[in-house]
Amino acid sequence: EAARYLGDEHGYKIPAELIACAPVDLFLFASEKRGRRRDRFYACLLLKVMHIVHHIEARELRFRSPLSDAQLAGLLVEKVDAFADTLRAEGFPLVHYVGGEKSATSLLTKLLVKKAHHAATIHDRVRFRFVVERPLDLVTLMAKMTAGLFPYNYVAPGQTVNLLVNFTALMESHETFRKHAADLQLELGHEEQSLRHVNEFSGPTYRVVSFIVDMPLRLRDDILARIDDGAGLGRVIFGLAEFQLVDRATDEENERGENRHDRYRARQLMKVRDRLERGMRGGRED
């Protein structure tokens with residue numbers, strides 16, 4: 001599909017050996033471990049378009065599947081639960097883990113409080129929270145996540161909050177990291193300049209690392225068997241989920257004073273009531 005698109009729409013002449021090779025071998029061509037220099041260019045073209053084709057097919061498969069949102073949430077929880085169990089079995093310092101689907105009440109409040117109140121804008125219908133022992137464990141956890149849970153390129157752009165890990169300080173404080181600084185695509189300091197803050201209802205000192213992931217999910221045979229006209233679409237679909245990461249000390253601080261969840265909830269509900277009652281202001285009293 002990718003080769004056909006590149007040829008028909010853009011006139012690229014993809015080398016025959018790239019079309020005939022195993023898909024995983026394209027990474028060898030792209031990194032110049034195999035083939036000629038020009039093969040790198042075409043291998044990268046193919047991989048980019050293949051990535052998009054995969055997403056399109058996965059979305060179509062999700063549309064045709066008999067899964068409800070609740071069942072999709074169950075698949076997400078099942079996958080992340082297994083990952084958390086693996087962490088514990090390896091002795092990773094995971095202090096606390098919890099995950100699941102938000103309640104209908106929470107979703108209703110979230111939509112009412114947003115200016116763009118459309119259900120498609122809810123990225124955190126399913127949320128997972130990991131509490132680790134030390135701040136440095138956050139970096140290790142993120143590395144393990146991208147190696148064993150989801151590819152890093154499926155993290156949704158523009159949806160990340162990072163108030164705990166200073167990337168520049170991390171790079172400069174470790175010799176192993178410092179020697180790779182020159183290989184970065186962007187200058188050190190760019191991460192800190194582009195960070196977003198947590199939402200308006202959080203407490204003044206609330207800190208967390210959170211991000212949204214378009215999680216790939218491999219459908220079981222019994223689910224595939226119930227899908228009409230699913231041939232050729234593969235067996236992978238995607239489900240959005242939010243991940244919250246925090247260390248133990250920060251987690252305890254986040255539960256004090258104005259940072260507490262009940263205070264957060266109260267500020268949300270106050271905003272909702274303000275929106276609901278806005279039309280009553282200035283009305284006549286009979």
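**Sheet and salt bridges**

Modeller: Strand 3 and strand 4 (residues 209–218) pair in the antiparallel sense over 2 bridges. Two strands count as paired if DSSP finds at least two bridges between them. Helices (H or I, at least four residues) and strands (E, at least two) are DSSP runs, numbered from the N terminus. This is a predicted model, in which local features need pLDDT of at least 70 and side-chain atom pairs count only at pLDDT 80 or more, while totals for chains, interfaces and linings use all residues. Residues are numbered from 1 along each chain as its sequence is written, and side-chain values use heavy atoms, with hydrogens and water left out.

Colleague: Which residue stands opposite Val209 in strand 4?

Modeller: That is Asn162.

Colleague: What is the strand order of the open sheet?

Modeller: The order is 1-2-5-4-3, giving 5 strands with mixed pairing. Strand 1 (94–101) and strand 3 (161–162) are the edge strands, each pairing on one side only.

Colleague: Which strands does helix 5 lie across?

Modeller: Helix 5 (residues 69–89) lies across strand 1, strand 2, strand 4 and strand 5, and runs at about 170° to strand 1. Helix 7 lies across strand 2, strand 4 and strand 5, at about 170° to strand 5. Axes are lines fitted to C-alpha atoms, for helices over the stretch in contact (heavy atoms within 4.5 Å), and angles run from 0 to 180 degrees between N-to-C directions.

Colleague: Now the charges. How many salt bridges are there in the whole structure?

Modeller: The search finds 16, a salt bridge being a side-chain nitrogen of Lys or Arg within 4 Å of a carboxyl oxygen of Asp or Glu.

Colleague: Which residue pairs with Arg248?

Modeller: Arg248 forms a salt bridge with Glu133, their closest N and O atoms being 2.8 Å apart. The pair links distant parts of the chain, 115 residues apart: Arg248 is in helix 12 (residues 248–254), and Glu133 is in the loop between strand 2 (126–132) and helix 7 (136–148).

Colleague: And what does Asp221 meet?

Modeller: Its side chain meets that of Arg235 in a salt bridge (2.6 Å, N to O). Asp221 lies in helix 11 (residues 221–224) and Arg235 in the loop between helix 11 and strand 5 (236–247), so the pair ties together parts 14 residues apart in sequence.

Colleague: Is Asp221 buried or exposed?

Modeller: Asp221 is exposed, at 55% relative accessible area, whereas Arg235 is partly exposed at 28%. Buried means under 20%, exposed over 50%, and partly exposed in between (1.4 Å probe, protein chains only).
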